[in-house]
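Subject: Structure handover

Hi,

Here is the structure I said I would pass on. Please open it alongside this message.

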Amino acid sequence: MHHPSFDPHDPLFEVSGWRLSFQIVTLENLYGLDPEQVTVTDDGAMWHLRCEQLSWAGQQQRAPGSLEARVLRGPDRRLHLSLTVSAPHKIRAVKVLVRGLPPLTPLDMLDEPLSAVGEDGFLERYPNRLRLPMLCAQQPDGLVIGARCEDAHARAKRFAIYQEHMGELAGSYTLECIHEEDARWFDRRMDVPLWILDAGIQPASFRTEQLAFAESAFGLLPWEHRPDVPAWARDIRLCLTLHGMHWSGYVFNTYQDMLRIIRFVAERLDGRHILAYLPGWEGRYYWQYGDYRPEPRLGGEKGFAALCQQARALGVHVMPMFGGNCANAWAPNFHTFGPSSYMKSATRNIFHGNQPDWDTSRAHDTGWQAWLNPGAPAWQNELCRQITRLIDSYGFDAVFLDTVEVWTNDPDFNVREGYQALVERLRADRPNLLVTGEDWWDGLLGIFPMFQRSGPWRQGPLWVGRYARLFGHICEGDPSRGSTGVFESGYAPYQSLPLDGVHIPTLVFVDGTLERAQPTIEAVIRQVAQEKR
């Protein structure tokens, strides 16, 4: 995390035991407040600041602009901050700096302490990593402070913690609460959504308040009342991850192999409780993204049709995997939908996303892999066309969309709104279709009722179970040799998912899993069959 090599000399304001500063980030510079143009009024309940001119270059220069802060107090040290700002250029972001703090230790999404903030500082982003626009941190005396934002548009938030090295507060710590405008709406004026700061909080209670806002803003409903969960999906008790073809072309399971596994499990568990998840079903994983069809080497159209039909006869529900925002830019059909649909940063840098080392060149150079915005009409239309054509042809019951958690502040099309529109189109006239996604944050919980869990490296909070269900991530190892199948990590020790009502137990199958791990497979099936609902 980078810092200025000088003291910005931002004015410091004291409100109810908090020491605050404010900054405005435009597309061309960073601005502070001119202290000579600030007026403050305080009637006890409301603290009001008005600044009629901005400064820049550490107070060396002045610029037209303004900042108005309305701070409602209480109870105790709680502050509700509303900001309106203007600047000489289009505004990207506005910072509320909470300053003069003791050393802080951020809490993770399970409310457990992370490492204390060191020399490199701490930076966390919503929505790309944080599930809510909220951060809690603990002081050395155990006091927990919290910051959260009530934003009905799910725009970008960032939280930074670092030690000050210059100026009168050198040695103390600062928490930055940053709101970034939707890049489609950049303008010289901005209304910042409501920030809430509080001290001495209980993280769970603080989060409950944020979730209550999210329920109102995003239409979140409890799992039991969601209309986008087909009746059959409520009976799912076991997910089978049936890996098809690796990026390299290595075959883990043909369609016939997948059907053999399904039959084995359906002999031991009623098929209506089984969801068959198919990554790499369309051919070379990721390489084939954007051109979906049954893969000839896995059994072709006849083999895939037989898989879907015979699974359905057993009561099993089939869920193929699709790239929600990725396609192969070297594919012959890419020119019809790709060039107008690239995901971009707010300043129009092309977004590259993950770059797996598929060919093990150790270069991580995936220039063929294009990241596309589901809100872009051309890509949304093409993806919808391909998926609905396949549903109509093969009659599968569910669709999995890969990497939906990836988000950019695209200046042309809103990513979250794009997914909402895509899912609505896929489910139009198909009320029994289940649409699931890879990973979640609050703005996606109202769009997808089921997700892959975050993977074994990031344990998820159980409160998500109020709104959604989680099944095993594609990165999880199979019970025979720890193979992650089509997923790029290659190996992960097998771990069973907890029977906690939130996670759906998941069994991973690559080549040889059924033969080499049958005792483990049967034990999981018995456990699922005995589970009380």
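Predicted model: local features only at pLDDT ≥ 70, side-chain atom pairs only at ≥ 80, totals over all residues.

The largest pocket has a volume of about 980 Å³. Its lining is made up of 40 residues, and those closest to the centre are Met 1, His 2, Lys 95, Glu 176 and Ile 178. By class, the lining residues are 19 nonpolar, ten polar and eleven charged. Several strands each supply at least two residues of the lining, among them S2 (18-26), S8 (91-101) and S14 (173-180).

**Helix H8**

H8 covers residues 518-530. Its 13 residues should span 18 Å at 1.5 Å a residue, and its end C-alpha atoms are 18 Å apart, so the two agree. Ile 521, Val 524, Ile 525 and Val 528 are buried in H8. They lie on the same side of the helix, because they cover an arc of only 100° around the axis. The face turned away from that buried side carries Pro 519 and Gln 530, both exposed. What do the buried residues of H8 pack against? Their partners are strand S16 (238-242), helix H2 (255-266), strand S26 (506-509) and helix H7 (513-516).

**Glu 405**

Glu 405 sits in the loop between strand S21 (398-402) and helix H5 (415-427). Is Glu 405 buried or exposed? Its relative accessibility is 16%, so Glu 405 counts as buried; the cut-off is under 20%. Leaving aside neighbours within four places in sequence, Glu 405 is in contact with Asn 128, Glu 438, Asp 439, Trp 440, Trp 441 and Leu 444.

Best wishes

Definitions and conventions: Residues numbered from 1 in each chain as written. Heavy atoms only, no water. 1 Å grid on protein atoms, 1.4 Å probe; cavity = no way out; pocket = protein on both sides within 12 Å on 5 of 7 lines; lining within 4 Å. Points joined across faces, edges and corners; volume = space filled by probe spheres on them. Helix = DSSP H or I, 4+ residues; strand = E, 2+ residues; numbered from the N terminus. Nonpolar A, V, L, I, M, F, W, Y, C, P; charged D, E, K, R; others polar. Expected span 1.5 Å × (residues − 1). Buried < 20%, exposed > 50% of the residue type's maximum accessible area, 1.4 Å probe, protein only. Arc of directions from axis to C-beta. Contact = heavy atoms within 4.5 Å.
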